[in-house]
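Biologist: Could you walk me through this model and tell me what lies behind each label? I'd like to see every value set against its cut-off.

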Amino acid sequence: MDCIFCKIVKGDIPSNKVYEDDTVLAFHDIAPQMPVHVIVIPKTHIESAAEITAENSAVISHVFEVIAKIAKDLGLDNGFRVINNCGEDGGQTVKHIHFHILGGEKLGEKLVK
Ligand code: 5GP
Ligand code: ZN
């Protein structure tokens, strides 16, 4: 399958890793939009948030435990934003579900645009 994030999981594409365990990987975004911009993914290929089911949601729950740990490790004590872009209208460019951790300075107050 031609999936950039699956290739990162396999090590075929290098990444600057922040966290890794058996089911979840986190790495710095290649084009950071904030001082801290980390991508957190399940290692298993789930296309988007629209594909979360009772069968695969445990790893998504674990993703959020990992997000809390990374935020602590990176010193985001004053807060941060987690973003998931889903599908065409949601602006998802990589079709492997991922969560952006954005922080390191105060984010804009608007949710979109
Ligand atoms: P999306 O727009 O799909 O929510 O976010 C995809 C994100 O993945 C973008 O912020 C983009 O910069 C990042 N990205 C795309 N390709 C790579 C890559 O090869 N390595 C890393 N570290 N980030 C990538
Ligand atoms: Zn994938």
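Modeller: Gladly! The largest pocket has a volume of about 400 Å³. Of its 22 lining residues, Phe-5, Asp-29, Ile-30, Ile-39 and Val-94 are the closest to its centre. Helix H1 (4–10), strand S2 (24–28) and strand S3 (36–42) are the elements that give two or more residues to the lining. H1 has the largest share, with three residues. This is a predicted model, in which local features need pLDDT of at least 70 and side-chain atom pairs pLDDT 80 or more, while totals for chains, interfaces and linings use all residues. Residues are numbered from 1 along each chain as its sequence is written, chains are lettered from A and ligands numbered from 1 in the order written, and side-chain values use heavy atoms, without hydrogens or water.

Biologist: What makes something a pocket rather than a cavity, and what counts as its lining?

Modeller: On a 1 Å grid over the protein atoms alone, a cavity is a set of points where a 1.4 Å probe fits but cannot get out, whereas a pocket is an open set with protein on both sides within 12 Å along at least five of seven lines; a lining residue has an atom within 4 Å of a point. The volume is the space filled by probe spheres set on the points, which are joined across faces, edges and corners.

Biologist: How many residues of each class are in that lining?

Modeller: There are ten nonpolar, eleven polar and one charged. Here Ala, Val, Leu, Ile, Met, Phe, Trp, Tyr, Cys and Pro count as nonpolar, Asp, Glu, Lys and Arg as charged, and the others, Gly among them, as polar.

Biologist: Why is the contact between Asp-2 and Lys-7 called a salt bridge?

Modeller: The term needs a side-chain nitrogen of Lys or Arg within 4 Å of a carboxyl oxygen of Asp or Glu. For Asp-2 and Lys-7 the closest N and O atoms are 2.8 Å apart, so the pair qualifies. The structure holds four salt bridges.

Biologist: And why is Asp-2 called exposed, but Lys-7 partly exposed?

Modeller: Buried means under 20% relative accessible area, exposed over 50%, and partly exposed in between (1.4 Å probe, protein chains only). Asp-2 stands at 71%, so it counts as exposed. Lys-7, at 26%, falls between the cut-offs and is therefore partly exposed.

Biologist: What makes Lys-69 and Asp-73 a pair?

Modeller: Their side chains meet in a salt bridge, 3.1 Å from N to O. Lys-69 is partly exposed at 39%, while Asp-73 is exposed at 54%. Both residues lie in helix H2, four residues apart, about one turn of the helix. Elsewhere, salt bridges that share partners join Lys-17, Glu-20 and Lys-43 into one network. Within it, the closest N and O atoms of Glu-20 and Lys-17 are 3.1 Å apart. Glu-20, with 39%, and Lys-17, with 43%, are each partly exposed.

Biologist: How do you know that Glu-20 belongs to a strand?

Modeller: Helices (H or I, at least four residues) and strands (E, at least two) are DSSP runs, numbered from the N terminus. Glu-20 is in strand S1, residues 17–20.

Biologist: What makes Ala-54 exposed?

Modeller: Ala-54 has a relative accessible area of 69%, so it is exposed. This residue sits in the loop between S3 and H2, with its C-alpha 25 Å from that of Ile-70, 16 residues apart in sequence.
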